Structures are given as structure tokens and as C-alpha cells.
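Then read on for a guided walk through it.

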Amino acid sequence: MTEEKNSDSEPARVRILQVAADLFADDGYKATSVRKICEAARVNVAMVNYYFHSKEELHLAAFDYARALARASAADVAAASAQAQLPPVEQLRLAIEALVFDMLRAGPASLFSRLVARELIEPTAAIHKLAERNVRPQHALFTGLVRGVVGQAMPAPVVQKCVFSIIGQVVFYARSRIVHELVVPEMTYDEAGIASIAQHIAAFSLAALDGLRREYDDAQVQA
């Protein structure tokens with residue numbers, strides 16, 4: 001075991017994370033044993049204790065590992081667009097499109113969204129830390145972006161519902177893919193298909209926000 005730590009420590013840790021993230025996403029936390037992870041990662045069972053101390057800590061580390069693999073997170077895109085001083089509408093558009101790609105794109109970039117989806121179906125002790133580390137920050141991000149688009153006249157509860165409506169569209173496409181393939185087989189989930197979905201959700205959401213903004217601005221003028 002000592003020799004394995006010294007000669008191949010970092011690759012072994014990465015292998016454990018890669019395998020664990022995939023298995024947790026595909027089979028769930030309960031059905032994925034540490035032994036099964038170690039067999040697939042070709043490491044000694046004791047290596048999990050050495051690097052992560054417990055299965056629960058490995059589970060949390062898998063979320064962090066998967067988050068780092070996402071190539072275009074909404075937060076990164078929003079930060080870049082804000083730095084570039086883009087208009088609020090464009091900032092929100094880019095963030096929505098990034099979120100769609102983050103959740104729908106195949107391969108390593110989608111691993112985090114797969115883990116989140118599994119966690120929502122079969123909650124574990126990780127759900128609270130997941131909410132603090134990822135869900136709350138993303139919710140706060142989109143709340144700020146939506147507020148920037150609609151202005152200050154719109155009540156906060158309405159803004160929150162708008163945020164849920166936007167994210168809900170993305171989650172619907174991510175979770176209902178098998179249904180789409182049966183009902184609307186012409187809908188594709190390749191790069192071009194995902195880009196089309198992203199553009200539609202962004203355009204649909206921005207049009208709805210513009211309509212709501214006009215309603216509240218008109219109401220404020222009349223008052």
C-alpha cells in the first residue's frame with residue numbers, strides 16, 4: 001500500500017474520483033459500494049480511507065470533481081459577461097445557454113448534472129452541503145441576473161418564480177430526454193440540437209420577462 005501511495009498517488013486519487021462519480025450518478029449512493037469503486041478504479045480499498053476517510057466524504061468529493069469538469073458553467077459565463085460589461089439581457093441569455101449546455105451535453109461536462117439529478121431522486125446526507133455549495137449560489141446568480149433584466153418594480157416573490165421557471169425549463173429537458181426521444185424523435189441532443197434548445201429557452205424566457213416587466217412598469221406609472 002505504501003508503494004502505491006508514493007508511486008501513483010495522484011493518478012490513483014483521480015481514478016477513484018472518476019469511477020465514484022460515474023457510479024454514484026448511474027447507480028446511486030446506496031447501490032455503490034466502496035469495494036465496487038475500488039475494483040473499477042484498480043486500487044486497494046484502503047486508498048479510499050487514505051484519501052477521503054469515508055464513503056460519504058468521497059461522495060462529496062465526487063460532486064466537487066464533477067463540478068470542475070463542467071466546461072461552461074453559468075457562473076463562469078455570467079462573471080465573464082459582467083466583466084465585459086454586457087447588457088443585463090445578454091448576460092442572462094449567456095448564463096441560460098451555459099446552464100443548458102452544462103446539463104445536456106454528453107460526456108464529462110454533464111457528470112455534475114447527472115449527480116445532482118440522482119441526488120434529487122435519492123437524497124443522501126450530501127443534499128444539504130450540495131444546496132449550500134451549488135444550489136444556493138446558482139439560485140442567487142440567476143436571481144441577480146433576472147433582477148437586472150426586469151428592474152426594481154417587480155416584487156421579489158415574482159422574481160423568484162421567474163428564476164424557478166427558467167431553471168425548470170432546463171431541468172425538464174435534462175430529465176425528460178427519454179420521453180422526447182419517444183414523442184419527438186426528430187429532437188436531437190447533439191451539439192446543434194442542444195444549441196437550438198438553449199437558444200429557445202433563452203429567447204422564450206427573455207420574452208416572458210420583458211412582458212412581465214412591462215406590466216409592472218405600467219402598473220407603477222398608473223399608481
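Predicted model: local features only at pLDDT ≥ 70, side-chain atom pairs only at ≥ 80, totals over all residues.

Residues are numbered from 1 along each chain as its sequence is written, and side-chain values use heavy atoms, with hydrogens and water left out.

**The whole chain**

The chain has 11 helices and 0 strands; helices here are DSSP runs of H or I with at least four residues, strands are runs of E with at least two, and numbering starts from the N terminus. Along the principal axes, the C-alpha atoms fill a box of roughly 75 × 35 × 30 Å. Of the 223 residues, 40% count as buried (buried is under 20% relative accessible area, exposed is over 50%, and partly exposed is in between, using a 1.4 Å probe and protein chains only). Now take contacts, meaning heavy atoms within 4.5 Å. Among those between residues at least 6 apart in sequence, 71% join residues at least 24 apart.

How do α6 and α11 pack? Helix α6 (residues 88-104) and helix α11 (residues 191-222) make an angle of about 140 degrees, and their axes are 9 Å apart. Axes are lines fitted to C-alpha atoms, for helices over the stretch in contact, and angles run from 0 to 180 degrees between N-to-C directions. α6 and α11 are therefore oblique to each other: under 35 degrees would be roughly parallel, over 145 roughly antiparallel, 65 to 115 roughly perpendicular, and the rest is oblique. Residues of α6 in this contact include Val89, Leu92 and Phe101, while those of α11 include Ile194, Ala198 and Leu209. The residues of the contact split into 14 nonpolar, 2 polar and 3 charged. Nonpolar covers Ala, Val, Leu, Ile, Met, Phe, Trp, Tyr, Cys and Pro, charged covers Asp, Glu, Lys and Arg, and the others, Gly among them, are polar.

**Rings that pair up**

Rings of Phe, Tyr and Trp (its six-membered ring) pair if their centres lie within 6.5 Å; planes under 30 degrees apart are stacked, over 60 edge-to-face, and the rest tilted. By this rule there are 5 aromatic pairs. Here are two of them:

| Pair | Centre to centre | Angle between planes | Type |
|---|---|---|---|
| Phe24 and Tyr29 | 5.7 Å | 25 degrees | stacked |
| Phe63 and Phe112 | 6.3 Å | 85 degrees | edge-to-face |

Phe63 lies in helix α4 (residues 55-69) and Phe112 in helix α7 (residues 111-121), so the pair ties together parts 49 residues apart in sequence. Both Phe63 and Phe112 are buried. Phe24, at 1% relative accessibility, counts as buried. Elsewhere, ring pairs link Tyr50, Tyr51 and Phe52 into a cluster.

**Two residues up close**

Is Val159 buried or exposed? At 1% relative accessibility, Val159 counts as buried. Val159 sits in helix α9 (residues 156-175). Leaving aside neighbours within four places in sequence, Val159 contacts Thr143, Val146, Arg147, Val150 and Met154. Val159 and Leu209 are 50 residues apart in sequence, with their C-alpha atoms 9.3 Å apart.

Ser54, by contrast, is in the loop between α3 (46-52) and α4. At 25% relative accessibility, Ser54 counts as partly exposed. Beyond its neighbours within four places in sequence, Ser54 is in contact with Val48 and Asn49.
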